[in-house]
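Have a look at the picture before you read on.

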Amino acid sequence: MDTMRVTKIVGGVCGSLLVLLLVKWGGDIIFVGAEGEDHAEQAYSIAVPDSSAPVAAVVEVPFAEIYASADAALGERVFAKCATCHKVDPGNNAVGPTLFGIVGRAPGSEPGFSNYSDAMLAVTEPWTPEHLNTFLTRPSDAVPGTAMRFSGLPKPEDRANLIAYLATLQ
Ligand code: HEC
């Protein structure tokens with residue numbers, strides 16, 4: 001192999017490497033640009049949960065509307081969550097007061113139940129379906145200081161069905 005050939009080969013290799021390097025730089029610049037755009041798109045897609053707000057809007061259907069098509073039989077199943085503390089037959093108080101006749105009753109008014117909290121005794125609005133809906137969403141928010149240790153029913157349909165069931169206990 002003569003020196004000239006070696007020089008050509010080395011030169012060729014170096015030239016190729018230089019081209020590769022330049023391509024990589026160029027690529028980096030384009031790639032960074034593209035990535036920047038990606039981020040911009042991501043900012044949009046982060047907003048997408050907001051644009052799925054129709055789902056939240058569904059949740060905000062007025063309670064009366066959900067209640068109008070509530071299913072008491074399904075509500076009886078939801079009541080399993082209350083049954084550890086509440087009975088539903090007249091006068092049968094347990095950890096909590098009997099829920100017989102609860103819809104329409106005045107809060108804190110079950111005569112045989114003596115463990116009402118002061119907070120509950122201070123509530124004056126009767127237990128209409130709407131008021132029960134508010135209370136059962138998050139008892140500790142609706143009646144701060146309540147003795148009812150129950151975190152709440154997050155699903156409006158569960159509350160509506162349950163209240164429809166409670167309304168049958170008259
Ligand atoms: C861990 C026990 C417990 C569970 C579970 C529980 N409650 Fe209660 N509940 C109580 C107690 C105790 C009170 C009395 C609260 C007070 O005086 O602050 C009460 C009060 C109530 C009242 C007001 C009664 C009145 O006479 O004014 C309603 C309505 C009620 N509960 C409904 C429910 C429903 C519906 C569920 C199920 C989704 C439920 N509770 C789950 C213990 C419980």
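**Around the ligand**

A backbone N or O atom of Ala-147 lies 2.8 Å from an oxygen atom of the ligand. Keep in mind as you look that this is a predicted model. Arg-105 brings a polar side-chain atom to 2.8 Å from an oxygen atom of the ligand, while a polar backbone atom of Gly-108 is 2.9 Å from a ligand oxygen.

Now step back to the surroundings. The ligand sits in the largest pocket, and 27 residues surround it. Cys-82, Cys-85, His-86, Tyr-116 and Met-148 are the closest. What kinds of residues form the shell around the ligand? There are 18 nonpolar residues, six polar ones and three charged ones. Helix H6, residues 129-137, gives the largest share of this shell, with three residues.

Next, find the iron atom of the ligand. Which protein atoms are its donors? They are NE2 of His-86 and SD of Met-148, at 2.0 to 2.2 Å from the iron. These two residues are 62 residues apart and link distant parts of the chain. His-86 belongs to the loop between helix H4 (72-78) and helix H5 (118-121), and Met-148 to the loop between helix H7 (139-142) and helix H8 (156-167).

Finally, consider the geometry. The iron site is octahedral, with angles of 85 to 179° among its six donor atoms. For comparison, the ideal angles for six octahedral donors are 90 or 180 degrees.

Terms used. Residues numbered from 1 in each chain as written. Predicted model: local features only at pLDDT ≥ 70, side-chain atom pairs only at ≥ 80, totals over all residues. Heavy atoms only, no water. Near = heavy atom within 4 Å. Polar contact = N/O pair within 3.5 Å; in protein donor to acceptor, adjacent residues only side chain to side chain. 1 Å grid on protein atoms, 1.4 Å probe; cavity = no way out; pocket = protein on both sides within 12 Å on 5 of 7 lines; lining within 4 Å. Sits in = over half its atoms within 2 Å of the grid points. Helix = DSSP H or I, 4+ residues; strand = E, 2+ residues; numbered from the N terminus. Nonpolar A, V, L, I, M, F, W, Y, C, P; charged D, E, K, R; others polar. Donors = N, O, S within 2.8 Å, 3.2 Å for Na, K, Ca; no water. Tetrahedral: all angles 85-135°; square planar, octahedral: opposite > 155°, others 65-115°.
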